[in-house]
Amino acid sequence: MERLLDYFVPDHYNLDLEIDKFKKTIKGKVNVVGEALNETVKFHAVSLDILKVTVNGEEAEFKTDGKALEIHNVFLSPAADIVIEYSGTLNENMEGAYLSTYDYEGEKEIIVTTQFESHYARQAFPCIDEPAAKASFQLTITIPKREGEIVLSNMPSSKEEVGEYERFNFPATPRMSTYLLAWVIGRFHGKTIKNNHGIEITTYCALNQELDSVDFANEIAAKALEFYDDNFGIKYPLWKLDQIALPDFEAGAMENWGLVTYRESMMLANKDATLGTKKLVALTVAHELSHQWFGDLVTMKWWDDLWLNESFASVMEYYAVDYIHPEYNIFESFFTSDCYAALLRDAHEDVQSVHQDVKTPEEISTLFDSAIVYAKGARLLFMLIRLMGWENFCKGLQDYFEKFQYKNTVGDDLWEALKPYAEFDPKELMHAFIDKPGYPVITNDGENFEKFSQRRFSLDGGEMKEEDWSIPRIIEDMSGHYILNLSDAEFKERIDSFNSLGLEEKLRLLIDRDLITQSGLASAASLIPLALEFKSENAPAVWNKVSSLIGNLKTYFDSESAEEKMLKKYTLNLVDEKLKEVGMVTRENDDEDMIRLRANLMALDYFAEDIERFRELSEMYESDPEKMDPEIREDILSAKVYLESEIVDEYLTKYKTITDPEIRFDYLASAAFVRDEEQLNKVFALLGDFEVVKPQDQLHLFIYLYRNPKSKAKTFEWMTKNWDLIKESGGEKTLNDYPMLTARLARTDEELKKYVEFFGPMKDNPILSRAIVIGEKEIKARVEMIKKYREAVVEELRKYV
Ligand SMILES: [Zn+2]
């Protein structure tokens, strides 16, 4: 793969851009100074019209092919001065420099924004678009004059008026990669605060969002920067931090240096926001801000080490939020969500390893598997931090930042920096887990795992082969990326003393047993007496995993079958007592744990089709929809639509008119749960209707409808007929989610057949190939498992209902 950095090493860019969002045009002049290493130099330039090129003041010959610009007869020089004049257009694809819109007071407001990671800067201006090509960027943006229009970029701006235009000047950035440059143009409102270390933070949202909904993200940002300042050794290196929530955004958020962009649902939290939303926003903000150091200040040399950026940010977000809001007990989410997701995904034969070679940036989307690159990587770093201790880890990290600031690194540079502070070799340990896929299932061969054997764990139904992960010793908390296959006696012993176990040991016990039964090493029937052991449990995280066990059992039965009805009855019996004790509505003195406990119980109660409680919940909506307890809003809405399907019209109207992302999605999700076919069709009709459900939100709607047994088959069929539309409207990363998510919920021969029929021929597509291969095996294994154990599960269930 050709690297353009081999021909020209940029040092400084001066970008002079005229951007007209109404004409959808961008006219630019790029002056780049750097070292020419070859007589022909090349710049990435995708879909740009190159008008004129000069080198050291002389007009130069050039050639373009829509992907790159080639400039000929350049003198080899350490200070070549190249000026490129060009024009381009603003697209609506959520990459490069793109247009986004929102409705405000009956008008459509247009925004221009950017998404340059991984390789889309080249769609906005000619550049050496490789992470190792660090340079400083000085930016001038000229726009047609318009009341209230703001222009943001990585640096703070000064503004001048030029006739009918306004010009915003941004001083040069520190040395950084092209993918971290950003700008946003449009009407927004925001609030500015200063943190205890003197950094000014401004958080913005669209005018149709409540201004107060930025407060929470501001507060988290202020404290997260302080936390990182104190632990990373180097103070936040920029002059200011801006954060902005955008109405159209493909990913969750983007860590542009000094100007972090977010999807609205990942950043906004109004004063009534639920605990779940606050946790999500806090983690997202903390994730992006850790990247300001890890990713922005020090950047990977090439994309094959992207995992290092993401694994680091995915674990650091938990440390920061735990520091800011210890009462959230946020690490419980790390164990029950991230670690669990990693274990599920990493149990497939064809899964990628955390570190995976990529030759071209296009390939990045092929290796994008959040359960691996984010979650598994994060868990491995968590394991390393536990082994080293937080303070030692930070000491190594401080050396790393000091040594490599404004430069590029590979993974081994980090392990080397950590080494002096560890009693073992971090490199050796991490390579053992990072360079190969999978993890071991461990069997005790002696007393307390003094001796043990390891096999690669599989959810594909195949043989689990012996393999070595050089694990020094077995600890039964949540830090090790392995599972334990306890004998019946060992398992019983732990269950009998369950209350005396630490929370992490409890979670390991449940998570491991869940996976062991999913793999067929033990029958799922054993889960039925097991779950009942936790009827009086108070830990929300334990209930969260009990829900996973019920989810596991659910796969054995057809929707609305007599057996499923038995399982529902069983589930009601499981939660009823605790739910009575906890009550359905948030009480004045409830702490965070109580709120989470209730949420877990209510979710199980919903599955149990607890009509009596549905009636009570439904009345809460009827008495005043504006005054619903936000923490159980989704439960109320789902109960109401269960009892009265005609309410769907009202829900969809609310979805269309409410702007708060959390509330409107509760309405949409609940509408999609409706059982009446005619009403369900109204929700179904929104698939592919981008006027109502923005392209960025279509995948959510798809999942809601695929989860509803009444529309599952139809939703799959819709996907097969509208595949081109899905491809055109979503990004490459989300395309991968379709084979991944549909496989996760498929459980019958019929569904397997349809899956293979549709996705089978796409196995050659490098973006989809891995997800499809894994998906097929996953469904096959599940279908077999159901055949094998269904009778036993039914028989066991009968004993309890
Ligand atoms: Zn990230």
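Helices (H or I, at least four residues) and strands (E, at least two residues) are DSSP runs here, numbered from the N terminus. The model is a predicted one, where local features need pLDDT of at least 70, side-chain atom pairs count only at pLDDT 80 or more, and totals for chains, interfaces and linings use all residues. Residues are numbered from 1 along each chain as its sequence is written, and side-chain values use heavy atoms, with hydrogens and water left out.

**View 1. A cis peptide bond between Glu117 and Ser118.** Start with the link from Glu117 to Ser118: this peptide bond is cis, with omega at about 5°. To find Ser118, look in the loop that runs between strand E10 (107–115) and strand E11 (136–144).

View 2. Ser47 has phi near 55°, which is a positive value in a residue other than glycine. You'll spot Ser47 in the loop between strand E3 (41–44) and strand E4 (49–55). With a relative accessibility of 60%, Ser47 counts as exposed; buried means under 20% relative accessible area, exposed means over 50%, and partly exposed is in between, using a 1.4 Å probe and protein chains only. Asn56 also isn't a glycine, and its phi is positive too, near 50°. Asn56 sits in the loop between E4 and strand E5 (58–59), and at a relative accessible area of 40% Asn56 is partly exposed.

View 3. Glu85 belongs to strand E8 (residues 77–89) and is partly exposed, at 28% relative accessibility. Setting aside neighbours within four places in sequence, Glu85 is in contact with Gly28, Lys29, Asp49, Ile50, Leu51 and Lys52; contact means heavy atoms within 4.5 Å. For a sense of scale, the C-alpha atoms of Glu85 and Arg744 are 50 Å apart, and 659 residues separate the two along the chain.

**View 4. The zinc ion and its three protein residues, His287, His291 and Glu310.** Donors are N, O and S atoms within 2.8 Å of the metal (3.2 Å for Na, K and Ca), and water is not among the atoms, so sites may look incomplete. Read along the chain, the donors follow the spacing H-x3-H-x18-E. His287 and His291 lie 4 residues apart in helix H3 (residues 275–291), so about one helical turn separates them. Both histidines are tucked away from the surface: His287 is buried at a relative accessible area of 7%, and His291 is buried at 0%.

**View 5. Trp307, a buried residue in helix H4.** Trp307 is part of helix H4 (residues 306–324), and its relative accessible area is 4%, which makes it buried. Apart from neighbours within four places in sequence, Trp307 is in contact with Phe312, Val354, His355, Val373, Trp415 and Ile434. Gly775 is 468 residues away from Trp307 along the chain, and their C-alpha atoms are 23 Å apart.

**View 6. Helices H1 and H7 crossing at about 85°.** Helix H1 (residues 215–232) packs with helix H7 (residues 390–404), and their axes are 8 Å apart. Axes are lines fitted to C-alpha atoms, for helices over the stretch in contact, and angles run from 0 to 180 degrees between N-to-C directions. H1 and H7 are therefore roughly perpendicular to each other; angles under 35 degrees count as roughly parallel, over 145 as roughly antiparallel, 65 to 115 as roughly perpendicular and the rest as oblique. On the H1 side, the contact uses Phe227, Asp230, Asn231 and Phe232, while H7 brings Trp390, Cys394, Leu397, Gln398 and Phe401. Sorted by class, that gives 6 nonpolar, 2 polar and 1 charged, where Ala, Val, Leu, Ile, Met, Phe, Trp, Tyr, Cys and Pro count as nonpolar, Asp, Glu, Lys and Arg as charged, and the others, Gly among them, as polar.

**View 7. Helices H25 and H27 packing at about 5°.** Here helix H25 (residues 737–744) and helix H27 (residues 769–798) have axes 9 Å apart, and the two are therefore roughly parallel to each other. The classes come to 5 nonpolar, 1 polar and 3 charged residues.
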